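Welcome to my notebook. I opened a new structure today and wrote down what I looked up, one entry at a time.

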Amino acid sequence: MKSILAVALLGTAVIGGAAFAQSTQPADRAAPAATAQPTDAKMALKGSWRASKLMGLDVYNEANEKLGDINELLVDKSGKINAVVIGIGGFLGMGEHDIAVSMDKLKFVEEPVRTSSTGTSTTSRDATTGAASTTTTNRNANDWVPDHAVMSGNKEQLKALPQFKYSDYN
């Protein structure tokens, strides 16, 4: 009799413990339910660029001369990009002249830079047919990063601009 009572008590404790574990939490402590994102919200991001991919992006002028690269994006509290810090000249960060320009001074281009010495497409002759074949870089249309930025001016003009120093704004 004692063993039957012990088994019944133990069974009740196990079943009751499982039932208590499945009880729901109060509404104020429960995690908010995930809401389904409409497909329109997903489509609103199409064509966007990742800020992390803009860092280090090369900046050229209209003559396709490399001016420098993007070192930093300065963002205000609302998330708007106030300025872009561009490192002009220098080698491996040494001797670089940082300038800050507003975002509207840059034009972002998604096509590779076209130069006279090294083009983005290479043409070679097929030895058997004599026909020219063209090979181009095949980039994803939405790879979250432009190829480069274009800005007016040359290195000398940009180095004449006031140097941007982070310590001036602390």
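**Entry 1: confidence.** I began by noting that this is a predicted model. The protein chain averages a pLDDT of 74, and 59% of the residues score at least 70.

**Entry 2: the core.** Which residues touch the most other members of the largest nonpolar core? I found Val-59, Ile-70, Ile-86, Leu-106 and Met-151, out of 17 residues in that core. Two or more residues come from each of S2, strand S3 (81-88) and strand S4 (97-101). I reminded myself that nonpolar side chains tend to be buried together in soluble globular proteins.

**Entry 3: Ile-86.** Ile-86 is in contact with Val-59, Ile-70, Leu-106 and Met-151, among others. Its list also includes Asp-69, Asn-71, His-97, Asp-98, Ile-99 and Val-101.

**Entry 4: Asn-82.** I stayed in strand S3, where Asn-82 has its place. Beyond four places in sequence, Asn-82 is in contact with Leu-74, Val-75, Asp-76, Ser-102 and Met-103. I also checked one distance: the C-alpha atoms of Asn-82 and Met-103 are separated by 6.9 Å, with the two residues 21 apart along the chain.

**Entry 5: Asn-64.** Next I looked at a backbone angle. Most residues other than glycine have a negative phi. Asn-64 is not a glycine, yet it has a positive phi of about 60°. I found Asn-64 in the loop between strand S1 (58-60) and strand S2 (66-75). Its relative accessibility is 28%, so Asn-64 counts as partly exposed.

**Entry 6: aromatic pairs.** How many aromatic pairs does a search of the whole structure find? I got two. In the pair of Phe-164 and Tyr-166, the ring centres are 4.9 Å apart and the planes are at 85°. An angle over 60 degrees counts as edge-to-face, so that is how I recorded this pair. Phe-164 counts as buried, at 9% relative accessibility, whereas Tyr-166 is partly exposed, at 39%.

Terms used: Residues are numbered from 1 along each chain as its sequence is written. This is a predicted model: local features need pLDDT of at least 70, side-chain atom pairs count only at pLDDT 80 or more; totals for chains, interfaces and linings use all residues. Side-chain values use heavy atoms; hydrogens and water are left out. Rings of Phe, Tyr and Trp (its six-membered ring) pair if their centres lie within 6.5 Å; planes under 30 degrees apart count as stacked, over 60 as edge-to-face and the rest as tilted. Buried means under 20% relative accessible area, exposed over 50%, partly exposed in between (1.4 Å probe, protein chains only). Helices (H or I, at least four residues) and strands (E, at least two) are DSSP runs, numbered from the N terminus. A nonpolar core is a set of buried Ala, Val, Leu, Ile, Met, Phe, Trp, Tyr and Cys residues joined through side-chain atoms within 4.5 Å. Contact means heavy atoms within 4.5 Å. pLDDT is the predictor's confidence in each residue, from 0 to 100.
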